[in-house]
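Student: I have a structure open and would like to go through it piece by piece. Can we start with how the chains meet?

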Amino acid sequence: MSAVLGFSLFPSSPMNASSFTPRVEALLLALLVASGLLIGVLLVLNLYFLIRYRRGSSAPRPPLRIATWKFEAGWICGTTIGFLGFFFWGARIYLDMERPPANAYDVDVIGRQWMWDIRHADGRREFDTLHVPADQPVRLRMISEDVIHSFAVPAFSLKQDVVPGKQVMAWFEATRPGTYHLYCDQFCGTAHAEMAGEVVVMKPEDYAAWQASGSVNNEEAGHGAKLFVRYGCSGCHTPGSPVRAPSLVGLYGRLVPVENGQFVRADEQYLRDSIVLPQQHVVAGYAPIMPDFRGVISETDLLDLIDYLKSLGAKQPPPANMPTAPAAAPPMVPPPPAPSSAP
Amino acid sequence: MSRAPSLPSHFSTVEQRSVANHLGLWTFLATEILFFGGLFVCYTVYRIAYPAAFVAGSHHLNFWIGTINTGVLLTSSLFMALADRAVKRDRRTALRWCLLATWLLGAVFLGLKFYEYGEKYHEHLIPGPNFQLNGPWKPQIELFIFLYFTMTGLHAVHMIGGLTALAWLLWQNHRGRLSPEHPAPVEMVGLYWHFVDCVWVFLYPLLYLIIR
Amino acid sequence: MITEEIIAPRVPAPAPTYLNAGHTLRSWLCTLDHKRIGLLYLFTITFFFVIAAVAAALMRWELLTPQPDLVTPDFYNRMFTLHGVLMVWFFLIPSIPTVLGNFILPLMLGARDVAFPRLNLASWYIFVAGGLMALYAIVAGGVDTGWTFYTPYSSTYSNGYVMMMAAGVFVAGFSSIFTGLNFIVTIHQLRAPGLTWFRLPLFVWSLYATSLILVLATPVLAITLLLIGLERLCGVGVFDPKLGGDPLLFQHLFWFYSHPAVYIMILPGMGVVSETIACFSRKRVFGYHVVAIASLAIAALGFLVWGHHMFVSSQSVYAGVVFSLLSFLVSVPSAIKVFNWTATLHRGSISFDTPLLYALGFIGLFTIGGLTGVFLATLPVDVRMHDTYFVIAHFHYVMVGGMVMGYLGGIHYWWPKISGRLYHEWTARVSALIVFIGFNLTFFPQFILGYLGMPRRVHMYAPEFQTLNVLSSAGASILGIGYILPLVYLTWSFFHGPKVSSNPWDATGLEWQTDSPPPEHNFAQIPVVTAEPYNYPPLA
Amino acid sequence: MNAETKLSTLIAVYLALIILLVLTALATALPPGPWSTPLALLIAVAKMAIIFAYFMRLRWEGGLVRLFASAGFFWLAIAGVLTLADYLTRHEL
């Protein structure tokens with residue numbers, strides 16, 4: 001509705017630079033007007049009463065003829081209805097803010113004392129600066145390595161706390177090329193005030209040029225392979241290893257059978273969970289013996305490792321001596337007695 | 001609250017003071033419910049998130065000690081209730097034995113509790129840098145054990161407070177300060193003691209009895 | 001509220017007042033008299049207020065320029081934590097309940113004391129112990145977590161004296177609980193004969209609602225702080241993400257206390273406003289029953305809205321929507337009160353004494369604070385404003401514009417009763433005006449700063465924010481003068497002001513029917529109440 | 001509220017508590033199912049209700065005291081339900 005109205009508090013202000021801002025500003029303006037009216041009425045009434053009924057004035061003061069409950073009922077209903085209207089208006093916008101469109105492209109953000117570590121899908125890495133194209137939805141997948149941070153771009157009406165231990169999402173669509181403040185809004189320690197940067201919104205063609213220029217840091221995939229060895233993943237997840245663990249080749253994107261006869265899609269969330277919370281989805285037919293890497297592996301390494309695992313999925317076909325996917329391997333031994341699940 | 005048998009000037013009747021005492025103590029117990037309640041909320045959230053870890057964690061606790069301790073506490077509550085009855089019938093000797101029995105049973109409970117803590121220490125199940133455990137869900141089990149120590153530890157602190165109050169009651173009784181006209185100290189300590197008992201009644205199934 | 005048969009015939013020798021019932025230090029430190037305990041609290045919280053205000057002054061000084069030039073970041077972080085912790089737990093929460101509540105509540109009820117006088121004194125000692133622990137934490141090296149103690153920063157990363165500070169707040173919490181408990185039982189059990197619930201002054205209603213919150217919310221804060229302490233001690237804990245714990249759980253438990261705590265801070269102020277508006281317009285409060293019930297409604301609904309502090313915390317979207325709806329609902333009873341106060345002025349006989357000026361200031365500033373609260377209950381607006389200076393401005397309008405105005409108004413209103421003397425009226429009126437102007441100049445620019453996106457808890461900022469920050473700092477210095485003045489003239493009047501009769505404002509209420517200052521046991525004979533509250537003679 | 005509790009009542013209450021304790025301990029020997037935890041909690045609530053009513057003499061207290069006794073549970077329920085309202089609905093839209 002407000003998008004149709006298309007007004008905002010300061011239409012040309014630099015505070016109005018994403019697809020949400022016109023709607024938020026419209027709501028804000030409506031709130032301001034409503035509050036202003038209410039304050040104005042109260043102010044006029046108060047001043048009038050104060051002057052007219054000052055002690056010693058000759059104004060008549062007969063008792064009130066109307067029952068007070070009528071007033072009470074009136075303003076209880078009035079304020080409730082008014083407030084509910086604003087609630088619904090706000091909730092509508094909020095639900096849209098929380099629902100990223102399907103065509104959004106992903107950017108990984110790691111919050112760390114005291115910097116924003118940003119990675120693009122092509123492996124490009126930036127610190128405290130985020131380059132995005134205009135008129136293109138961008139989905140931020142964020143996690144913190146230490147304390148709670150908050151990714152805030154006031155000009156986009158964008159804010160999301162970045163919490164350790166769980167990946168959170170936020171999205172925006174910048175509408176106006178320019179450079180905008182990026183802050184950390186949640187207090188995160190000594191240099192919290194300096195944990196700021198900027199978001200550079202570029203015209204799509206400029207963005208394409210920016211992408212083409214400079215050296216794309218393509219180390220991550222190779223780095224991921226090294227991490228696969230360093231963290232000991234290869235010790236079990238390699239065919240012929242003494243410990244029986246599912247192979248990971250061709251895993252990404254497949255449906256994986258898990259313990260209770262269900263299937264789980266091996267997307268990025270699944271890969272992440274399987275590393276930091278391995279008991280969550282144990283592949284059918286395998287013992288839940290994988291150690292927990294929560295807190296052991298840094299978020300940066302985790303992203304590299306996930307990239308590596310995804311790249312394994314791309315290699316087709318898999319070597320002949322290897323089962324194509326863990327699902328394809330029929331359990332040779334009866335499944336170990338699984339720990340009983342939820343009561 | 002007031003130890004002096006004479007009525008303070010701000011109360012007009014004995015009845016008024018008695019109601020005030022009861023209302024005050026029950027209000028205090030309501031705060032205790034919310035104090036422990038914070039922990040129960042934590043427990044619920046994590047139990048829903050990690051059911052398997054809680055089952056596994058519960059298996060590290062000593063079922064028999066937990067069960068016997070519940071019985072011990074329930075019995076101590078019986079003696080506390082008998083003490084309340086004794087003071088209202090002006091039976092000072094009976095009151096002394098009932099209070100003593102309550103105190104001893106409370107001490108037995110704490111003894112068993114600390115023996116159990118000792119077991120955890122020897123099994124390296126104290127949360128922190130020395131926590132050792134093999135198998136799946138290790139961090140979440142550590143979380144469970146942390147909750148176990150916090151909840152039972154806080155309960156134990158309340159027990160120690162109760163034992164102190166009981167010792168004070170015994171001293172008051174020895175000095176002849178408790179009578180049918182002035183039963184409030186026994187009533188108040190009794191309410192507290194029964195309440196701490198009730199907390200354990202919930203801790204027992206939630207910590208020890210998760211599907212064995 | 002007119003008493004039949006006022007008091008027994010006076011004995012020829014005037015009974016000693018509570019002030020000269022004993023002059024030794026011991027007679028003060030071991031007193032069981034609720035009035036003396038109220039004064040002990042008055043000194044204590046004024047002390048903490050001054051320290052916290054100095055911290056605020058340092059912060060405003062640093063924020064004069066965008067560059068970090070006056071203090072180091074760590075020092076600044078310790079300052080705002082100190083300011084928050086001391087102001088919230090050692091000034092705002094105890095302010096009206098422990099000072100005016102302790103002093104006036106039994107007088108209003110026609111009682112000789114609170115239900116548990118020993119517990120009352122113990123509460124003060126516990127409060128002082130908690131305060132000393134907090135002071136030790138500050139002197140030893142300070143705490144830099146902010147008053148919100150968010151995990152995992154507070155539990156793992158901060159290298160301040162978090163445990164000592166948390167312990168101080170934990171201990172002071174018990175003082176809150178015991179005060180609340182005492183008031184609840186006193187109001188239930190010690191009302192004078194004939195003083196039914198709907199004959200109670202609205203100040204009593206608001207204190208009753210406040211006490212309910214104190215008793216039901218504070219324990220949850222206590223357990224939450226205990227969990228943080230344990231987590232720091234053991235290195236692991238329930239909020240630790242490394243164990244699969246969730247830092248947001250801390251926020252749930254913390255705000256389960258700390259949102260209702262906001263109502264602990266504002267409800268007693270509303271009670272004071274109801275008293276003064278009625279007295280100085282010589283009218284019964286309009287919609288008395290509704291205003292009384294609204295206090296309870298605020299107390300109850302206030303427990304259902306804490307999640308609006310967590311809209312951007314990554315809590316569930318659905319929970320966010322539910323909490324937003326409930327937050328709108330809790331604003332209704334507050335709005336109702338404002339309307340009723342305005343209607344009370346209608347056809348009154350208004351005299352502009354200092355307490356009324358503070359009450360009018362309260363209504364104006366609280367209305368702005370409350371309405372900006374509605375802004376923040378609106379989901380997308382909160383996403384925009386959360387953790388910016390908009391929020392700072394909003395809660396200062398409620399807590400300083402509301403509660404501190406109410407507190408000062410109440411102190412002035414009952415000062416003749418407390419001291420038996422009168423302050424200089426025009427000095428007081430002028431300083432009320434200075435407070436009002438200084439306050440608005442300090443905090444109104446912060447709304448705009450927040451709109452423009454300036455984050456809270458920063459010691460440096462983007463250059464374009466400087467003008468507004470300079471305005472705010474200038475306002476703070478005016479506000480400071482406005483706060484020093486009452487300290488000076490009230491202290492002076494305590495010893496040298498002209499003596500007053502028992503009822504200088506010609507007000508209703510049992511507290512005005514005993515001497516000023518009251519005798520040690522308040523009433524020689526317990527009064528009997530036969531009339532409605534605010535029973536002023538008709539004005540027609 | 002000054003009515004004295006009979007000795008036989010106290011003994012009966014105690015026996016009921018011990019029987020409930022035995023029941024809840026024995027229930028762990030049954031095959032686990034979705035009702036295991038609710039059953040254990042139900043027994044715990046029953047035990048608490050008995051202790052509140054008889055040992056803590058809530059049966060003989062006035063309505064006001066009963067109200068305050070239940071207030072703690074009510075507010076705890078608020079804390080639990082609204083916290084879980086977050087945790088149980090945490091999935092993406």
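Student: How many residues of chain D are in contact with chain B, and how many of chain B with chain D?
Tutor: This is a predicted model. In it, 35 residues of chain D are in contact with 33 residues of chain B.

Student: Which elements of chain D give two or more residues to that side?
Tutor: They are α1 (7-27), α2 (36-55) and α3 (63-87) of chain D.

Student: And which gives the most?
Tutor: α3(D) does, with 14 residues on the side of chain D that touches chain B.

Student: How does that side divide by class?
Tutor: The side of chain D that touches chain B has 25 nonpolar, seven polar and three charged residues.

Student: Staying with chain D, what domains does it have?
Tutor: The domain assignment gives domain 1 (1-61) and domain 2 (62-93) of chain D. Their centres, taken over C-alpha atoms, are 23 Å apart. Four residues from domain 1 of chain D and four residues from domain 2 of chain D make up the contact. On the domain 1 side, three are nonpolar, none is polar and one is charged.

Student: Now chain B. How do α1 and α5 of chain B cross?
Tutor: The axes of α1 (residues 14-49) and α5 (residues 138-174) of chain B come within 11 Å and cross at roughly 160 degrees. Angles over 145 degrees count as roughly antiparallel, so α1(B) and α5(B) are roughly antiparallel to each other.

Student: Left-handed or right-handed, that crossing of α1(B) and α5(B)?
Tutor: The crossing of α1(B) and α5(B) is left-handed.

Student: Which residues meet there?
Tutor: From α1(B), B:Phe36, B:Leu39, B:Cys42, B:Tyr43 and B:Tyr46 meet B:Leu143, B:Leu147, B:Thr150, B:Met151 and B:Leu154 of α5(B). By class, this contact has nine nonpolar residues, one polar and no charged.

Student: On to chain A. What is the strand order in the open sheet of five strands?
Tutor: The order is β4-β10-β9-β6-β7 in chain A, with mixed pairing.

Student: How many bridges join β4(A) to β10 of chain A?
Tutor: Five bridges join β4(A) to β10 (residues 197-202) of chain A, and the two run parallel. A:Pro133 has A:Met202 in β10(A) as its bridge partner.

Student: Which helix packs on that sheet, touching β4 and β10 of chain A?
Tutor: Helix α4 (residues 204-212) of chain A does. The direction of α4 of chain A makes about 125 degrees with that of β4(A).

Terms used:
Residues are numbered from 1 along each chain as its sequence is written. Chains are lettered from A and ligands numbered from 1 in the order in which they are written. This is a predicted model: local features need pLDDT of at least 70, side-chain atom pairs count only at pLDDT 80 or more; totals for chains, interfaces and linings use all residues. Domain bounds come from an automatic or database domain assignment. Two residues are in contact if their C-beta atoms, placed from the backbone, lie within 7 Å. Ala, Val, Leu, Ile, Met, Phe, Trp, Tyr, Cys and Pro count as nonpolar, Asp, Glu, Lys and Arg as charged, and the others, Gly among them, as polar. Helices (H or I, at least four residues) and strands (E, at least two) are DSSP runs, numbered from the N terminus. Two strands pair if DSSP finds at least two bridges between them. Axes are lines fitted to C-alpha atoms, for helices over the stretch in contact, and angles run from 0 to 180 degrees between N-to-C directions. Angles under 35 degrees count as roughly parallel, over 145 as roughly antiparallel, 65 to 115 as roughly perpendicular and the rest as oblique. A crossing is left-handed if the near helix is turned anticlockwise from the far one by less than a right angle, and right-handed if clockwise.
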